[in-house]
Amino acid sequence: MPMTDNQGSFLNRISIRRNQVSNMENNHEQDLEDLELFQKHVAERFSDLLPNDPSSTTDSPAKDQTALLSISWYRKLLDVFLCCEAEFKALVLIGRDPVQFSKPPLDRLVPDILDRSIKSLDICNAVTHGLELVRHWQKLAQIAVTALEQKPMGDGQVRRAKKALNTLLTSMMLDDKENNYHAKAAERTWSFGRRSGTNTTNNKDRTNGTFRAMSWSVAKSWSASKQIQAMASTLVAPRGGEPTGLALPIYAMSTIFVFVMWGLVAAIPCQERTGLLTHFPMPRNLNWGQSLIALQDKIAEEWKKKEKKGTTGLLDELQKMEKVAQNLVDFAENFQFPAEEEKLEEVAGQVAEMAEICRKMEEGLAPLQQQIREVFHRIVRSRAEVLDVLDQIGKMSTPVPY
């Protein structure tokens with residue numbers, strides 16, 4: 001992930017300040033400045049993900065015209081997540097006295113965000129498997145494109161295209177759970193870090209200082225929508241007067257965790273998305289909250305419309321693929337050789353559109369999968385660093401034997 005100039009200067013600023021010896025009053029003022037800068041960066045990054053408002057008459061510079069909910073848009077969303085996470089970790093961890101994390105409310109908030117990170121790992125795995133299914137759909141669409149691009153177009157090519165497209169549309173209409181098992185057989189193994197049968201934050205889930213990977217078979221009862229609901233259920237804005245000033249950035253990063261994972265689940269086929277939340281608490285009184293609320297409203301609106309029609313997901317390329325595939329099936333069912341020239345020209349346009357969709361998927365799906373893996377490993381590493389801090393607290397509170 002390329003580091004932005006803003007991010008680089010922010011991380012350098014934190015590192016230099018925390019290594020300097022200064023009085024408590026200056027430290028407090030600097031912490032407030034750093035917090036303001038972090039929130040400003042969050043607001044700017046998520047604002048950049050919003051589509052241009054065509055009714056706006058302001059002279060603000062035009063944003064990149066990446067289609068909302070497209071593969072390219074989700075790659076930008078994951079870049080935003082990685083940038084925010086890096087700054088959050090620097091703000092909260094670098095040069096901090098570990099004792100701060102043992103005092104209220106951090107003694108409650110830190111375990112909460114660690115739990116959210118575990119649930120995010122689950123979702124990263126589910127989305128990765130969902131993208132494999134999307135790649136399968138792309139291959140079926142490409143078979144149809146290749147068949148229908150043949151000249152002259154005959155019965156054999158049309159039958160081949162129709163078979164591939166019917167398989168594609170049937171798979172798209174399957175229930176999320178059925179589709180996952182269809183794509184990966186009855187059971188799959190997911191590898192990710194999990195805590196060892198306890199809600200306490202200790203070092204049982206690490207071996208030799210590294211995060212231990214565990215494998216588990218996907219249970220039929222696992223639900224992406226319930227996972228998101230569990231992540232959002234404890235999302236509560238901090239109260240005023242919190243002494244360390246760290247509750248607000250932890251809340252901001254927790255909100256980002258929930259929003260990004262929710263957005264991925266809405267777009268990409270995942271096991272059991274029925275009843276997916278369309279709204280969860282967002283801070284209207286904070287500058288970064290406005291951009292997140294606007295994005296949430298747009299995604300929720302699309303989800304409500306799509307949920308009534310099927311379970312493919314909101315990914316822009318998938319929605320276009322489904323529409324074009326249905327049009328091409330309608331053509332194939334009524335095809336008679338030789339076809340009318342006007343009809344062939346119309347179909348050629350739709351085949352070209354499907355070819356463009358396949359091209360975008362071919363170029364974008366592998367990098368998107370790579371970014372999700374990067375997010376997964378970043379979460380694992382950051383979680384291990386937090387657990388190291390908690391270990392230090394545990395050692396300080398343990399009485400030394402005589």
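Here are a few friendly questions and answers about helix packing and salt bridges in this predicted model. Local features need pLDDT of at least 70 and side-chain atom pairs count only at pLDDT 80 or more, while totals for chains, interfaces and linings use all residues. Residues are numbered from 1 along each chain as its sequence is written, and side-chain values use heavy atoms, leaving out hydrogens and water.

Q: How many salt bridges does the structure hold?
A: Side chains of opposite charge can pair when their charged atoms come close. A salt bridge here is a side-chain nitrogen of Lys or Arg within 4 Å of a carboxyl oxygen of Asp or Glu. By that rule, the number of salt bridges in the structure is 12.

Q: How many residues apart in sequence are the parts that K89 and E385 tie together?
A: The side chains of K89 and E385 meet in a salt bridge, at 3.2 Å from N to O. K89 lies in helix α3 (residues 71-93) and E385 in helix α11 (residues 341-397); helices are DSSP runs (H or I, at least four residues), numbered from the N terminus. The pair therefore ties together parts whose separation in sequence is 296 residues.

Q: Is K89 buried or exposed?
A: Buried means under 20% relative accessible area, exposed over 50%, and partly exposed in between (1.4 Å probe, protein chains only). K89 has a relative accessible area of 19%, so K89 is buried.

Q: Which residues form one network with E356?
A: E356 and R359 meet in a salt bridge, at 2.4 Å from N to O. Both lie in helix α11, three residues apart, about one turn of the helix. Salt bridges that share partners join E356 into one network with R359 and E363.

Terms used
Helices (H or I, at least four residues) and strands (E, at least two) are DSSP runs, numbered from the N terminus.
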